[in-house]
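Biologist: I am new to this one and would like to know what stands behind the labels. Could you walk me through them?

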Amino acid sequence: MSLLAVWLLTLSCAAPGALSPEGIRGTDVSSDGADALEMRPPGAPRGPPLRTPPARPGRGGRNRNRNPFEPRERVFNAEPTREQREAARRRSENAAHEQTLRAQYWRLKAEAERLYPDKVGLYEEHHFWPRYLGGRADGPTYRVPAPYHQLVTNAFRARWAYGRNTPTPEEARQIMMKVYAEFPIPQLIGIPDP
C-alpha cells in the first residue's frame with residue numbers, strides 16, 4: 001500500500017471532513033528531492049522529512065526497504081581482471097601444449113612397439129627421477145608400456161651414460177627436463193594408467 005493511501009486512510013478515520021475538496025486542496029505536498037514524500041495537513045508544523053527506517057538485520061535482509069526502481073548493486077564483476085585473463089591464456093596455451101604432447105606420445109609409443117615387438121603388452125614402473133641420476137629408490141614411479149619405457153631409458157642413457165658419477169641435482173633436473181620434453185610421461189599429460 002502506498003504512503004498516500006495510508007495517509008488518506010488515516011486522515012479519513014481521524015477527521016471525516018478532511019477528505020472534502022477543501023481539505024484535500026489545502027494539503028501541503030512537498031518532497032525534499034530524495035526518496036521521501038511528505039504530505040501534511042494544512043497548518044501542521046514543518047518538521048524533518050519522513051523517511052523509511054533502515055532495514056533491520058534478520059527477516060527480510062538488507063534490501064528489505066530497497067527502492068524497487070533503483071538498480072540493484074552489481075553482485076559480481078562481469079569483466080575479468082588482468083590476472084584472470086592471464087590465467088585463462090596460460091590454461092589455453094597449456095591445453096594446446098598438452099594436446100601436442102599427447103599426439104607425440106601416441107606416435108612415439110607406436111614407434112617403440114615397432115622397435116621392441118617382444119615387449120608389446122607389458123608394463124614397467126618408471127622412476128620419475130631415475131635412480132642412477134641420484135633419485136631415491138622409494139621416489140615416485142609411473143606405470144608405462146615396456147616398449148615406451150625402453151625409449152625413455154635410452155634417451156636418459158644418451159644424455160648421461162651408465163657408469164658415470166652421479167650428476168648434481170641441477171644437472172639431473174636439466175637432463176630430466178630435456179628427456180621429458182621429448183618423451184612425456186602419459187599420466188602427466190592426461191592419459192590414464194593402462
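Rings and labels

Biologist: Which residues form one aromatic cluster?

Modeller: Y105, W106, Y148 and F183 do. Please keep in mind that this is a predicted model, where local features need pLDDT of at least 70, side-chain atom pairs count only at pLDDT 80 or more, and totals for chains, interfaces and linings use all residues. Residues are numbered from 1 along each chain as its sequence is written, and side-chain values use heavy atoms, with hydrogens and water left out.

Biologist: How many aromatic pairs are there, and what makes two rings a pair?

Modeller: There are seven. Rings of Phe, Tyr and Trp (its six-membered ring) pair if their centres lie within 6.5 Å; planes under 30 degrees apart count as stacked, over 60 as edge-to-face and the rest as tilted.

Biologist: Why is the pair of F128 and Y142 called edge-to-face?

Modeller: The centres are 6.1 Å apart and the planes stand at 70°, so the pair meets the distance limit and passes the angle for edge-to-face. F128 is in the loop between β3 (123-127) and β4 (141-145), while Y142 is in strand β4, so the pair ties together parts 14 residues apart in sequence. Helices (H or I, at least four residues) and strands (E, at least two) are DSSP runs, numbered from the N terminus.

Biologist: And what makes F128 and Y180 a stacked pair?

Modeller: Here the centres are 4.8 Å apart, with 10° between the planes, and that angle is under 30 degrees, so stacked is the word. Y180 belongs to helix α5 (residues 169-182), so this pair joins the β3-β4 loop to a part 52 residues away in sequence.

Biologist: What makes A146 buried?

Modeller: A146, in helix α4, has 0% relative accessibility, so it falls under the cut-off for buried. Not counting residues up to four places away in sequence, A146 touches K119, L122, Y123 and E124; contact means heavy atoms within 4.5 Å. The C-alpha atoms of A146 and V120 are 6.9 Å apart, although 26 residues separate them along the chain.

Biologist: Why is H149 also counted as buried?

Modeller: Its relative accessibility is 13%, so the label is buried. H149 lies in helix α4 too. Beyond its neighbours within four places in sequence, H149 is in contact with E124, E125, H126 and V144.

Biologist: Finally, how many helices and strands does the chain have?

Modeller: The chain has five helices and four strands, following the pattern α-α-β-β-α-β-β-α-α along the sequence. Of its 194 residues, 25% count as buried.

Definitions and conventions. Buried < 20%, exposed > 50% of the residue type's maximum accessible area, 1.4 Å probe, protein only.
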